[in-house]
Amino acid sequence: MQPEHFLAFDLGATSGRTILGTIDDNSLHMKELTRFPNQVLPMQGHVFWNIFSLYEHLCEGLRAAAREGVKIRSIGIDTWGVDVAFIAEDGTLLGMPYAYRDPHTEGAPEAYFKEVMSRKEVYARTGIQIMDFNTIYQLFALRRAGSSQLEAADRLLFIPDALSYLLTGKMVTEYTIASTSQLLNPRTQKLENELLERMGVTPAKFPDIVMPGHRIGTLRPELAAACGLPEIPVIAVAGHDTASAVAAVPASDEHFAYLSSGTWSLMGIETRSPVIDERTYALNITNEGGVDGTTRLLKNITGMWLLEQCLKEWKALGTEYTYPQIVELADKAEPFRSMIDPDDASFAHPESMIAAIEAYCARTSQPLPESHAEFIRTIFESLALKYRRVLDCFRELAPHPIEKLHVIGGGSKNAQLNQFTANSTAIPVVAGPSEATAIGNVMLQAKAAGLVGSLAEMRQLIGRCVPTETFIPNEREAWEAAYTHFEKIIGQK
């Protein structure tokens with residue numbers, strides 16, 4: 001076959017990239033064209049995403065693609081979940097979107113449950129993990145604050161949909177990104193209007209829901225001309241980055257769990273229908289939309305955010321580490337000296353992550369980490385132990401045995417954490433692809449173009465083309481004892 005080229009914009013919470021994906025004779029090639037920062041913008045007591053800067057970076061990515069001199073079949077955009085942009089009646093952007101780490105949603109879920117609808121009823125309708133920053137509570141907090149942005153908005157667009165709108169002028173609500181909001185019913189695959197209406201927000205502010213693979217439109221003529229490209233189709237891929245990443249899991253059967261590892265860790269299993277019952281309610285398990293009618297039954301876990309914030313503080317004090325140095329430091333530190341619950345509320349957005357970890361250890365009567373090496377080891381071991389705890393929940397929920405854990409995303413390159421995770425969970429860990437989100441984005445465009453058929457065919461192609469590394473469990477007795485201790489520690493926090 002002739003090479004087919006697809007352009008993927010993959011935007012994370014800290015950086016974004018433009019990727020040129022090429023499918024040629026049953027092979028897959030990925031080429032990074034641009035990389036750019038994406039950081040929250042603190043302003044006037046709130047935290048925003050600079051969507052105007054992101055648009056500029058997308059334009060630069062389009063120009064970089066034009067310089068490649070190849071025919072691009074389509075474009076797809078994926079981003080993080082829950083956040084929304086506000087669009088005026090005349091189509092202009094009403095300022096910058098709030099970032100999910102903005103503290104204005106603190107306490108919002110409890111207030112919503114008291115004033116609008118009970119916690120249990122909200123979960124029964126949506127099957128989504130209760131988290132402060134879910135879209136439902138962002139909108140509720142804005143409504144209570146009398147937000148002029150929300151009041152003036154004619155449309156609300158999730159971030160990948162907002163960026164696609166800026167490229168095409170067409171508005172849609174992509175299903176997988178909408179499923180992160182706690183506004184969507186996974187059984188009907190539609191918005192649960194009453195959740196919005198009862199807090200005074202009009203459901204019609206959201207455009208119609210479309211499924212992954214939908215053709216949104218083409219690049220606006222003036223934008224295409226300015227970037228040196230034809231009017232290329234823009235496809236609604238799995239707009240939620242985790243949905244795109246899970247689509248790229250190179251699994252050969254259904255007997256697996258996945259761990260999308262990055263700033264956040266998202267662990268789960270894939271099911272054919274939502275699982276919403278007393279067990280998932282008690283465990284605060286989420287049901288998010290997947291590809292080909294699948295449900296991503298998962299749980300959010302704080303991930304490399306813990307280390308990223310420590311590294312940021314150390315850098316400000318004049319010490320920087322390369323990745324090999326980080327691994328070397330952790331390897332030399334004493335095992336299981338201190339443990340933390342990565343999901344403790346004190347780690348959500350502390351002024352100092354170092355101080356927050358020290359305070360947690362003091363509160364649970366553990367030795368405080370003293371060296372940088374001890375902080376790193378504490379984080380890695382605690383993550384691996386938390387993964388075991390969450391995986392045990394999915395072992396109870398899965399309709400089949402879980403025989404391996406596929407680790408995808410940037411964290412899959414952390415060989416030390418992968419080995420710790422294999423030791424902790426007692427099953428093989430298959431690491432890779434690290435570029436899972438971009439690969440899923442590209443492959444879903446290829447699926448929309450008819451180059452591949454089912455999700456299984458996508459995964460077979462990825463499995464043939466992308467190398468992975470397998471980590472076999474060892475040191476079982478030590479890790480089993482550590483897990484018993486970990487359970488006691490997080491029980492007394």
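The chat below goes through a sheet, a pocket and a helix of a predicted model.

Me: Before we start, what should I keep in mind about the numbers?
Reply: This is a predicted model, in which local features need pLDDT of at least 70 and side-chain atom pairs count only at pLDDT 80 or more, while totals for chains, interfaces and linings use all residues. Residues are numbered from 1 along each chain as its sequence is written, and side-chain values use heavy atoms, with hydrogens and water left out.

Me: OK, what is the strand order in the open sheet of six strands?
Reply: The order is E3-E2-E1-E6-E14-E13, with mixed pairing; strands (E, at least two residues) and helices (H or I, at least four) are DSSP runs numbered from the N terminus, and two strands pair if DSSP finds at least two bridges between them.

Me: And which strands stand at the edges?
Reply: Strand E3 (27–37) and E13 do, each with a single partner strand, so one side of each is left without a neighbour in the sheet.

Me: How does E14 pair with E6 and with E13?
Reply: Strand E6 (residues 72–78) and strand E14 (residues 233–236) pair in the parallel sense over two bridges, whereas strand E13 (residues 214–218) and E14 pair in the antiparallel sense over four bridges. Ile235 in E14 is the bridge partner of Gly76, and Ile235 is also the bridge partner of Arg215.

Me: What about E1 and E6?
Reply: Strand E1 (residues 4–11) pairs with E6 in the parallel sense over six bridges, and His5 stands opposite Ile72 in E6.

Me: Changing topic, which residues lie nearest the centre of the second largest pocket?
Reply: Of the 35 residues that line this pocket, Gln129, Ile130, Met131, Asp343 and Ala345 lie nearest its centre. A pocket here is an open set of points on a 1 Å grid over the protein atoms alone, where a 1.4 Å probe fits, with protein on both sides within 12 Å along at least five of seven lines, and lining residues have an atom within 4 Å of a point.

Me: Which element gives the largest share of that lining?
Reply: H15 does, with four residues.
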